[in-house]
Amino acid sequence: MNRMSEQTIALVTGANKGIGYEIAAGLGALGWSVGVGARDEERRESAVEKLRAAGVDAFGVPLDVTDDASVTAAAGLIEERAGRLDVLVNNAGITGGEAQMPTTVDPVTVLTAVETNVIGVIRVTNAMLPLLRRSASPRIVNMSSGVGSLTRQSTPGAETGPIAVAYAPSKTFLNAVTVQYAKELRDTNILINAACPGYCATDLNGFRGVRTPEQGAVVAIRLATLPDDGPTGGFFDDAGVVPW
Ligand SMILES: NC(=O)c1ccc[n+]([C@@H]2O[C@H](COP(=O)([O-])OP(=O)(O)OC[C@H]3O[C@@H](n4cnc5c(N)ncnc54)[C@H](OP(=O)(O)O)[C@@H]3O)[C@@H](O)[C@H]2O)c1
């Protein structure tokens, strides 16, 4: 138990694999205590073990972002363990499935993607906000994607991924949600931003991405460690600002 210790406390959702795992590893390398949010017990515990073996002060947080009770329990666990939360990385995400042509999609596919990628972020953020408000420098990072950029989608020749009426708009929605939070929280010390990790080889895309998950984690780690005068309500990748 390190209740109200000086050590920075972070929670990364969907941290059992992929980019989330690497964000947890990167934040852990800073000496932070990192909650590994994951819905599957076996995958969670094996990630925690692997992180600990690498010297990270990691702890498991059972967490399904689509489940109110699970999210409430996760906030209770962090409250009990640390008494506050400094950094929340909303990384958990899904594509929603392969069949995403707008004219033939099953509406349930869209709902499923939005439920995890957008509503899940709102659910987790609001559950964690009382703990974040106790931090001296709270940061929230929402893992978005450049495929949610309407500017890029309406720019001929820009790389925006395959047509995907569930996944891509869910990230556009998440970007809009991020801006709304930043507006409400503008007079607080909470900085909230959206991140694009680039196209990384993970389960999400059948490992077709061209970047490593470690590379994808870099932008989230940067936004998680922003100085107090850092930006809020923005959308960033490794190269800087991503157009909405
Ligand atoms: N890979 C890319 O090229 C890319 C590009 C742009 C943005 N992103 C975004 O980056 C984030 C991480 O993706 P990734 O590429 O690392 O994919 P990934 O390897 O498939 O990892 C996704 C993580 O989210 C978790 N997750 C999914 N639904 C969840 C739920 N309901 N509750 C809790 N955890 C849940 C997964 O847990 P399980 O193991 O239990 O399924 C897994 O840990 C996502 O938000 C994704 O949209 C990825």
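Which helices and strands each supply at least two residues of the lining of the largest pocket? In this predicted model, local features need pLDDT of at least 70 and side-chain atom pairs count only at pLDDT 80 or more, while totals for chains, interfaces and linings use all residues. Residues are numbered from 1 along each chain as its sequence is written, and side-chain values use heavy atoms, with hydrogens and water left out.

The elements in question are α1, β2 (33-38) and α6; helices (H or I, at least four residues) and strands (E, at least two) are DSSP runs, numbered from the N terminus. A pocket here is an open set of points on a 1 Å grid over the protein atoms alone, where a 1.4 Å probe fits, with protein on both sides within 12 Å along at least five of seven lines; lining residues have an atom within 4 Å of a point. The largest pocket holds about 1,400 Å³ of space, a volume being the space filled by probe spheres set on the grid points. Its lining comprises 49 residues, and Thr 95, Tyr 167, Thr 202, Leu 204 and Asn 205 lie nearest the centre.

The ligand sits in this largest pocket, meaning that more than half of its atoms lie within 2 Å of the pocket's grid points. Around the ligand are 29 residues, the closest being Asn 16, Asn 91, Tyr 167, Cys 200 and Thr 202; a residue counts as near if one of its heavy atoms lies within 4 Å. Both α1 (18-28) and α6 (167-184) supply at least two residues of this shell.

A backbone N or O atom of Ile 19 lies 2.8 Å from a ligand oxygen atom, and for Gly 14 the corresponding distance is 3.2 Å. A polar backbone atom of Leu 204 is 3.5 Å from an oxygen atom of the ligand. The protein covers 95% of the 900 Å² of accessible area (Shrake-Rupley method, 1.4 Å probe) that the ligand has on its own.

Definitions and conventions
Polar contact = N/O pair within 3.5 Å; in protein donor to acceptor, adjacent residues only side chain to side chain.
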